[in-house]
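Here are my notes on this model, point by point. Please read them with the structure open.

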Amino acid sequence: MLSWLTNAWRVPELRSRVLFTAMILALYRLGCWIPTPGVDPAAIKDYFNGQGGTILGLLNIFSGGALSQFSLFALGIMPYVTASIILQLMTVVIPRLEQLQKEGEAGYAKINQYTRYLTVVLAAFQAAGYSYLFDRQGALSLTPSRFIMIVTSLAAATTLLMWMGELITKRGIGNGISLLIFASILSGLPGGIRAWYEGEAFERLMFPLLALAIIVAVVFVQEGQRRIPIQYAKRMIGRRMTTGGTTYMPLRVNMAGVIPIIFAAAIMAFPPTVGQFFPSTQTFVNQHFTPTSFVYIAIQALLIIVFTYFYTAVQFNPTDQADNLRKNGGYIPGIRPGAPTALYLDRVLTRLTLPGSIYLAAVASLPTLFIRYGGFSQATHRALGGTSILIVVGVALDTMRQMESQMMMRHYEGFLK
């Protein structure tokens with residue numbers, strides 16, 4: 001492992017990408033400590049000390065602790081994630097968006113532009129909700145001018161954070177949005193480790209075993225795949241006869257990665273945000289939308305399963321894959337090319353996604369129940385819970401996989417030269 005990282009560091013292009021990613025993440029962490037104009041961070045922090053078990057505590061994890069100080073990056077990247085969910089769902093029901101999706105890169109660029117506009121709107125809406133909540137709880141003194149300044153600052157900071165995530169995706173290593181959430185969760189790791197060390201003997205003994213079991217399960221399922229054999233027939237291209245060959249099409253058990261977990265967390269954060277504008281619903285929201293309640297866990301597990309199927313369908317189109325195989329002279333042994341191949345791939349993918357979605361829901365939900373009834377502290381649960389470990393390990397695996405592909409491209413380029 002260390003030798004592989006050393007070899008990766010010796011590649012100039014890969015080294016520059018890693019350094020660029022580290023620089024953007026460092027700027028992100030710096031922005032989490034810059035206070036928002038017109039906000040008293042100490043008063044907000046005092047209010048948050050009693051909110052560890054609520055949805056605000058979970059949202060504070062995804063913001064890297066910035067929400068507990070109401071700093072510039074208090075909203076984190078979650079408005080962008082929510083906007084992406086809304087646009088992807090609308091693509092299914094709005095023909096214009098579906099047509100844009102089929103236009104290739106130009107269509108995706110237009111959809112991304114709509115996503116950015118919607119992100120700004122959601123960020124302003126969420127900033128207004130938090131401002132209203134903190135003002136009602138006495139942690140913030142609002143005036144019309146201060147309200148406008150806070151909402152404008154937080155919406156602008158979220159737009160900047162969205163741009164930083166896109167820069168990482170384009171010029172760095174890995175998915176920028178996932179890496180920003182990854183950095184946010186890791187920032188709470190020292191506090192979680194300290195709470196675990198200061199906990200009871202049962203907590204200190206069992207939690208490392210639980211965390212290790214989650215990591216092993218994540219790696220085992222994330223790397224699992226179904227290999228479908230592909231046979232290529234001999235073809236005449238120009239004056240040359242190409243030789244047929246046998247290869248395989250890898251279908252991962254969990255093709256969606258950690259995206260369903262992030263999507264589910266964003267959706268579950270939406271009702272409490274709306275509830276800030278309706279004080280009469282606070283009792284219901286606090287009772288059913290705390291991360292340790294049975295209703296929250298059940299809805300989150302259901303959303304994870306639904307989003308796993310949805311995102312897998314977006315990532316992998318059996319009809320397109322069957323057409324590409326037919327155009328390149330490939331076929332699955334025993335399956336006719338064209339529509340039968342598409343139906344076969346769809347059937348295999350549906351059966352394969354079921355255990356992958358159940359695995360994601362179980363890993364995100366069961367540790368929460370275990371921690372709740374195991375007497376673990378809230379700090380340990382927030383920083384080292386199943387959802388946090390799942391996202392951290394999943395994003396780390398995806399990033400390492402991209403680094404490996406960069407190394408392979410570099411190796412093949414040198415070989416061909």
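1. A residue is buried at under 20% relative accessible area, exposed at over 50% and partly exposed in between (1.4 Å probe, protein chains only). By that rule, 47% of the 417 residues of the protein are buried.

2. The model is predicted: local features need pLDDT of at least 70, side-chain atom pairs count only at pLDDT 80 or more, and totals for chains, interfaces and linings use all residues. Numbering starts from 1 along each chain as its sequence is written, and side-chain values use heavy atoms, with hydrogens and water left out.

3. The protein has 18 helices and five strands. These are DSSP runs numbered from the N terminus: helices are H or I, at least four residues, and strands are E, at least two.

4. The largest nonpolar core has 77 residues. Such a core is a set of buried Ala, Val, Leu, Ile, Met, Phe, Trp, Tyr and Cys residues joined through side-chain atoms within 4.5 Å. Ile77, Val81 and Ile181 have the most contacts inside the largest core. Helix α16 (residues 339-373) gives the largest share of this core, ten residues. Apart from it lies another core, of 23 residues, including Phe48 and Tyr130.

5. What does Ile181 touch, leaving out residues up to four places away in sequence? Its partners are Phe62, Ile77, Met78, Val81, Ile262 and Ile391. Contact means heavy atoms within 4.5 Å.

6. Among contacts with a separation of 6 or more, 76% join residues 24 or more positions apart.
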